[in-house]
Amino acid sequence: MEFNSRIIYSAPQSQFFQDVLLNKVVGKMVESSAKINLSPGKPELNSWNNNVRHIKDLIELSEVNDTYVTFEYFIPYSRKRIDCVLYGQDKNNKKNVVHIELKQWSNSGVKESDSDGNFITSDEEPTFNVTAFTGGAYRVVPHPSQQVKGYQGYLTNFVETVSSHEVTLTGLAYCYNYFRDSTFSTLLFDDKYKPLLNEFPTYAADDVAVLAKDLYRLLGNGQGLSVFNKMMSSRIRPSKKLLEEVSTMIENGDPSSFSLIEDQIVARNIIRDKIKLLSKNKNQKSVILVKGGPGTGKTVIALHLIAEMAKSKLNVHYATKSKPLLEGVRTQLKPGSRVLFSNVTSFVPYNTLENSIDVLFVDEAHRILKSANSQFTKTIARTDLSQIDTLVRSAKVSVFFIDDRQAIRGVEIGSSELIRECAERWNAKVDEVELVSQFRCNGSDNYLNWIEQVLYNQEIKSVFDKTEYDFQVFDDPQNMYDALCVKNAEEGITARLTAGFCWPWTNHLVDGKLAPDVQIGDFAMPWETHSKITSPPNGYVRWYEWAYKPEGIKQVGCIYTAQGFEFDYIGVIIGEDFRYNEITKQIITDKSACKDSVLRQNRQGATMTFDDYVRNIYRVLMSRGMKGCYVYCCDPALEKYLKSLIDEMPTFILKAAKLVPEYTEEPMIAAEEIHEEKEFLVAEIDPEKQYTEYLPLYSIRAACGRFGDGEPVQVQGWVKAEGIGRLNLNMYVVKAVGHSMEPFIHDGEYCVFRTYTGGSRQGMVVLAQHHSFYDTDNQGAYSIKEYQSVKHYNPDGTWEHDEILLMPRNPEYTPIRISVEDSDDFRIVGEFVGKLEE
């Protein structure tokens, strides 16, 4: 089985049957898991073993042939996985993809939950990233058909071949230990779920013949491999930006643009149920605490529910302390809908009667202040109640979305414990849900775990791979900003630059311009516009617009404007307030470097120290990126430390598999060359020495095929690689041909390259490929040259390439020029690491 980073197991039907017969499937899944830093426990391994055998039996019963079978399919931008996906064509040659949610639940092991749509199960089936809710062995989970519906909507939104109807996606659940005809409870098939079951059916164990018949109808004409390849080669749409979808969600009452899955569905169902109970018990207050880290979908759930209720008669409101987030939402809405969205300061008794709001969603609840009064509160409206009390008092159902590790100032006291204490004062019943599935940082739990371990000086147990999440440490802030601008210029991609609050924030214009407060050597940029500057210069925006208006790329944002938002790429300048002590081997904080007077003073009554808040701030900033985080450290020791951690991480080549590889035969090395190199080149090497002591040798053409196009090619041999640092699976050796790079690289020298994964290429020696140029050294479209780009800057701060130059070091050779028109067919295959001595 060739490794595919989006799937843990994949095989044609015949190979799958053979693997099951020889008990190889789970072993192969374990091997694939290790390559992406997953460590399945015993319950999950047992689940896999049971699932593969039931799928094999189902396929045999259906009598389909030539399907393609995959297990544990990763959905885009997440590490959530679909249990099984089958691929094939029906009798009309329509391409079908069937995704299946598999459950080991028994009838006696499923109990009805307090909220409709949720169930309590007692088995040990490891639904990935579902957190225990009631304690013990029982967990609250959504109806299987709801899970399937969530995955169906998610894949339709992001996988282009699905949304364009090039393939037809069908979702279903199969509970192979649960019986429809049973003396025990059959809750899953209750009449209230009929509409859901009709759209996304759940099959029981005694429905297996019906399910087999349905599979034959969808996949009976085989051709699974071609359908699988169609699905795997599909373009994945850019990650949706929540603010861009707000209007559709709220104005049209259509939340389908953001599909909820697993624990998000559990949270929504609990909130829905409390709302239904309003009419039955008008005097019973409810408080729901929804806890989740970065990217777990807290704001999505809030807006999802508001969209559902948009056309109801309920009095529903959304509140947050974050003005940037609030204004970002309000600007997308019509005036009639904007009134639903308010600051948390709006709910003092003078403005709001007790229980006058049916449902109040409080987002970013960790930012709640101690006092409900602000400097703008009129004397007549002032209250002795705390801010949390005014919120709970106002609503029959209060829903608080919180991350206890996002507290960033002493004056912000919101916490789960504070909310529980307040609920008790108001005799409100408390329900709690924890969101674990996260959709930021490319879904990389490994990265988020790693960054927390690093920032909080914990034992570093987690690792992640560059293919999993694009994390880079830059040694120059300008280079980092340039890289962010490149990303931001791509269609559908957003990037922003942020920094710790270690520079002053000028509150007035200087000669009609924003002061370039953030200065590091020759690098200088302005902060987001100060609130006292009511009319920003042309081409700039107000401070609260920095995150969601395109002009924001020209300014540096801080924690107060970035919190609550997400971007595709985030840049973080770590200031002198966060340094590395090389003696104690610890990251330390320095209050003297902080320019935030409120944070520096840390008023009496604060629940945490300055040290705690600064670590939280950088955790928040470094988790804003969906696809990547670029970092510059003002402290050289911290830069060195972070780079050392990255260098020590294992690296894997993750790519979509070509299912039926057509192996390309490379020309054999001439006999005289073999004789000359016999002491240097080894034909075979022990696997444990591969990529630890030895690297593979490819011809330049083969290297471009292997690492550029993903083609399977032959290794010409293995070369002992010494003196170039730690080896990894992304490295390889090519033999230079020609004289264009002399005296830096001579004809016949062995050069080590590593796969290019992103970042600035300016001045870098690279291995490049382009189908429209001809390199005289290599007699083809492959070249080892120094990369240079010529670009121009636009008035809005973005820049564009004018041309790309592949520069020789030998003055007797001329550069290879790549025009903008031809650049789509140009690629960097590898970056130069060093040369080997024979």
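R809 lies over the face of F744, 4.6 Å from the ring centre. A charge counts as over a ring here if NZ of Lys or CZ of Arg is within 6 Å of the ring centre and within 35 degrees of the ring normal. R180 is placed likewise over the face of F189, at 3.9 Å from the ring centre.

Before I go on, a word on the source. This is a predicted model, in which local features need pLDDT of at least 70 and side-chain atom pairs count only at pLDDT 80 or more, while totals for chains, interfaces and linings use all residues. Residues are numbered from 1 along each chain as its sequence is written, and side-chain values use heavy atoms, with hydrogens and water left out.

Back to F744. Ring pairs link F744 with Y698, Y732, F753 and F832 into a cluster. Rings of Phe, Tyr and Trp (its six-membered ring) pair if their centres lie within 6.5 Å; planes under 30 degrees apart are stacked, over 60 edge-to-face, and the rest tilted. By this rule there are 30 aromatic pairs. One of them is Y9 with F71, a tilted pair with 6.2 Å from centre to centre and 50 degrees between the planes. Y9 is in strand β1 and F71 in strand β2, 62 residues apart, and the pair links distant parts of the chain. Helices (H or I, at least four residues) and strands (E, at least two) are DSSP runs, numbered from the N terminus. Both Y9 and F71 are buried; buried means under 20% relative accessible area, exposed over 50%, and partly exposed in between, with a 1.4 Å probe and protein chains only.

Now the sheet. Which strands make it up, and in what order? It is an open sheet of six strands in the order β1-β2-β3-β4-β8-β9, with mixed pairing. Two strands pair if DSSP finds at least two bridges between them. The edge strands, β1 (7-12) and β9 (202-204), each pair on one side only. From one strand to the next the twist averages 25 degrees. Strand β8 (residues 168-175) pairs with β9 in the parallel sense over three bridges, and Y174 has Y203 in β9 as its bridge partner.

Helix α7 (residues 208-219) packs on this sheet, touching β3 (81-89), β4 (95-103), β8 and β9, and its direction makes about 55 degrees with that of β3. Contact means heavy atoms within 4.5 Å. Axes are lines fitted to C-alpha atoms, for helices over the stretch in contact, with angles from 0 to 180 degrees between N-to-C directions. Helix α8 (residues 224-232) lies across β1, β2 (68-74), β3 and β4, at about 125 degrees to β3.

Further along is strand β30 (residues 765-770), where six of six residues are buried. V765, L767 and Q769 point one way, and V766, A768 and H770 the other. Strand β30 runs antiparallel to β34 (residues 826-836), joined by five bridges, and Q769 stands opposite R827.

Last, some backbone details. E72, in strand β2, has a positive phi of about 60 degrees although it is not a glycine. Is E72 buried or exposed? E72 counts as buried because its relative accessible area is 5%. D511 also has a positive phi, near 55 degrees, and lies in the loop between β17 (495-499) and β18 (518-520). D511 counts as exposed because its relative accessible area is 76%. The peptide bond from E742 to P743 is cis, with omega near 10 degrees.
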